[in-house]
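Subject: Structure handover

Hello,

Here is the structure you will be taking over. Please look through it before reading the notes below.

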Amino acid sequence: MRYGAIDIGSNAVRLLIAEVNKESNPVQFTKEALIRVPLRLGDDAFIHQHISEPKFENMVKTMQAFRNLMDVYRVTDYMACATSAMRDADNGDDIVRACSKVGIDIQIIDGSKEAAIIYNSHLQDNMDKSKVYLYIDVGGGSTEISLFANAQLVASKSFNLGTIRILDNQDNPETWDDMKRWVRENTKIYKNIYGIGTGGNINKLSRIANEKVDKAMSYAKLKAIYQYLSSYSLKDRIHVLGLKQDRADVIIPAAEIFLTIMKVGHLKNIIAPRVGLVDGIIQTLIDRNLQK
């Protein structure tokens with residue numbers, strides 16, 4: 001049995017096709033295919049609040065390709081979720097209708113639901129119940145932050161602060177202040193807090209640090225990587241360091257967001273388990289079908 005997960009983000013659109021083993025307990029899945037298309041819907045949505053015609057057409061073409069791939073893989077169930085860019089675009093519903101005609105039904109979800117789906121990747125299963133965790137997901141258009149204590153969700157909030165917004169100068173000081181205030185107020189009663197970071201940028205930062213998946217980065221380590229990357233021009237980050245073009249620019253503001261949260265929340269370190277919205281969508285589909 002195969003399920004499909006589509007994440008329509010502000011920077012890229014992803015399709016994960018996973019094979020599900022219903023005989024295991026709990027039910028497990030393995031990733032069969034992961035396709036990433038850097039459409040950058042956020043460039044239009046955050047500046048003009050409207051997805052341009054070329055990006056609109058490319059979005060529909062991408063969904064048509066995803067539909068074809070899921071048919072070839074014989075996917076039996078799927079879910080497609082659109083996040084910050086589609087939330088901000090005044091023609092988001094038009095895109096939803098156009099994609100429905102090529103066989104992809106899209107849900108435009110808010111920040112709280114986005115965070116809840118990512119948690120459904122069973123992140124809490126790997127948490128030490130004696131520790132306090134600040135979960136941080138940094139995307140192109142928004143940042144979701146949640147506090148866990150005793151492996152239970154204590155508080156959660158989404159902020160309109162993301163890598164594409166920052167690059168396009170669509171972030172504002174008030175949002176930064178709101179985020180820092182929320183982190184400060186919700187973490188002040190805890191002595192030791194550990195970070196869990198998700199998103200393509202923290203995954204890449206972790207790899208650059210030559211860290212293993214289960215090895216955490218300290219604030220000092222992450223800041224050193226940030227300064228190292230910032231010392232290169234965008235062009236050299238691509239041609240000298242070998243970063244992808246659509247990663248080389250967003251990784252800098254992503255690091256700034258993570259560093260800000262770590263500093264304000266006095267986080268001991270941060271770990272990148274390398275799960276994201278698509279992983280949570282697959283788990284959501286598993287749960288939904290088990291209930292049936």
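Predicted model: local features only at pLDDT ≥ 70, side-chain atom pairs only at ≥ 80, totals over all residues.

Residues are numbered from 1 along each chain as its sequence is written, and side-chain values use heavy atoms, with hydrogens and water left out.

Spaces

On a 1 Å grid over the protein atoms alone, a cavity is a set of points where a 1.4 Å probe fits but cannot get out; a pocket is an open set with protein on both sides within 12 Å along at least five of seven lines, and lining residues have an atom within 4 Å of a point. Points are joined across faces, edges and corners, and a volume is the space filled by probe spheres set on them.

The largest pocket holds about 830 Å³ of space. Its lining has 37 residues, and those nearest the centre are Arg-14, Arg-36, Gly-199, Gly-200 and Arg-247. Among the elements that supply at least two lining residues each are strand E2 (13-21), strand E3 (28-37) and helix H11 (245-248). Helix H8 gives the most, five residues. (Helices, H or I of at least four residues, and strands, E of at least two, are DSSP runs numbered from the N terminus.) By type, the pocket lining has eight nonpolar, 16 polar and 13 charged residues. Here Ala, Val, Leu, Ile, Met, Phe, Trp, Tyr, Cys and Pro count as nonpolar, Asp, Glu, Lys and Arg as charged, and the others, Gly among them, as polar.

There is one cavity of 30 Å³ or more, and the largest cavity has about 40 Å³ of space. Its lining consists of Tyr-3, Val-20, Lys-22, Val-27, Ile-286, Asn-289 and Leu-290. H13 provides the largest share, three residues. Five residues of this lining are nonpolar, one is polar and one is charged.

Cores

A nonpolar core is a set of buried Ala, Val, Leu, Ile, Met, Phe, Trp, Tyr and Cys residues joined through side-chain atoms within 4.5 Å. Buried means under 20% relative accessible area, exposed over 50%, and partly exposed in between (1.4 Å probe, protein chains only).

The largest core has 38 residues; those touching the most other members include Leu-134, Met-179 and Ile-261. Helix H12 (251-265) is one of the elements supplying at least two residues to this core, and H12 gives the most, with ten. Beyond neighbours within four places in sequence, Met-179 has contacts (heavy atoms within 4.5 Å) that include Ile-145, Phe-159 and Ile-257. A second, separate core of 33 residues includes Leu-15, Phe-56, Met-86 and Val-96.

Thr-62

Thr-62 sits in helix H2 (residues 53-72) and is buried, at 8% relative accessible area. Setting aside residues up to four places away in sequence, Thr-62 touches Val-13, Val-37 and Leu-39.

Aromatic pairs

Rings of Phe, Tyr and Trp (its six-membered ring) pair if their centres lie within 6.5 Å; planes under 30 degrees apart count as stacked, over 60 as edge-to-face and the rest as tilted. The whole structure has three such pairs. Tyr-133 and Tyr-194 form a tilted one, 6.3 Å centre to centre with 50 degrees between the planes. Tyr-133 lies in strand E6 and Tyr-194 in strand E9 (residues 193-198), so this pair ties together parts 61 residues apart in sequence. Tyr-133 is buried at 10% relative accessible area, and Tyr-194 is buried at 19%.

The ring centres of Tyr-228 and Tyr-232 are 5.3 Å apart with planes at 75 degrees, so that pair is edge-to-face. Tyr-228 is partly exposed at 40% relative accessibility, and Tyr-232 is partly exposed at 25%.

Regards
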